[in-house]
Amino acid sequence: LMPSEYWIRRMINTPARGVGEVAFEKINKFALDNKISFWKACERAGEADIGPAVVTAVSNYLQWIRELIPNIVKSAKPGAALMSELEKIGYKQDLQKTYEPESAQNRWTIVEIFARLLESYLAKEGASIESVDSYLEAISLRDQLEGREDGAKVQLMTLHAAKGLEF
């Protein structure tokens, strides 16, 4: 299970890992010049004309991503394992530093809800990488649908949901 290009790019320096805009652009240019994915370019960051500290930061990020899902799946409490991983990399502190206190707390609450829902989903579907992939796909599709603002819409209703309504 690999994150999409979009998420790799979005998360590479959140929380701050020392991968600034210049390094990001050099990795991106390296990917484009070599016709490889951004992920592959990150794996070959040492060839992208960036400093050794940034290469180490990118390498550590990739290693964390590679280990994240397997660590969550093998945990007895996957949601708690996810929260622990996010706290370990300083994500909560980054939110507190980046946003106003109320907004930071709201964002962290969303992360907690996501983790609880993940744990519930894995308890029902079985803790596997495939189940995590299925969960992420379902959440992603739901978010895409919620973000749509096109005019013509059809709302579907199950018979169970329609019970008691008169037509």
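**Figure 1. The accessible surface of the protein chain comes to about 11,400 Å².** Carbon and sulfur atoms account for 55% of that surface. What you're looking at is a predicted model, and its chain has 167 residues, 30% of which count as buried. As for the secondary structure, there are 9 helices and 0 strands, so from the N terminus on you simply read α-α-α-α-α-α-α-α-α, by the definition of these elements.

Figure 2. The crossing of α4 and α5 is right-handed. From α4, the residues taking part are Trp64, Leu68, Asn71 and Ile72. On the α5 side, they meet Pro78, Ala81, Leu82, Glu85 and Leu86. Sort the residues of this contact by type and you get 7 nonpolar, 1 polar and 1 charged.

Figure 3. Is Glu85 buried or exposed? Its relative accessibility is 10%, so Glu85 counts as buried; the cut-off for that label is under 20%. Leaving aside residues up to four places away in sequence, Glu85 touches Trp64, Leu68 and Asn71.

**Figure 4. A cis peptide bond sits between Thr14 and Pro15.** Omega for this bond is about -5 degrees. To find the spot, look in the loop between α1 (5–11) and α2 (21–33), where Pro15 has its place.

**Figure 5. Lys35 has a positive phi without being a glycine.** The value is about 55 degrees. Lys35 belongs to the loop that links α2 with α3, the latter being residues 38–43. With a relative accessibility of 76%, Lys35 counts as exposed, because the label applies to anything over 50%.

**Figure 6. Asp49 is another residue other than glycine with a positive phi.** Here phi is near 60 degrees. Which loop holds Asp49? Asp49 is in the one between α3 and α4. At 60% relative accessibility, this residue counts as exposed too.

Technical notes: Residues are numbered from 1 along each chain as its sequence is written. This is a predicted model: local features need pLDDT of at least 70, side-chain atom pairs count only at pLDDT 80 or more; totals for chains, interfaces and linings use all residues. Side-chain values use heavy atoms; hydrogens and water are left out. Helices (H or I, at least four residues) and strands (E, at least two) are DSSP runs, numbered from the N terminus. Buried means under 20% relative accessible area, exposed over 50%, partly exposed in between (1.4 Å probe, protein chains only). Accessible areas come from the Shrake-Rupley method with a 1.4 Å probe; for residues, only the protein chains shown count as cover. Contact means heavy atoms within 4.5 Å. A crossing is left-handed if the near helix is turned anticlockwise from the far one by less than a right angle, and right-handed if clockwise. Ala, Val, Leu, Ile, Met, Phe, Trp, Tyr, Cys and Pro count as nonpolar, Asp, Glu, Lys and Arg as charged, and the others, Gly among them, as polar.
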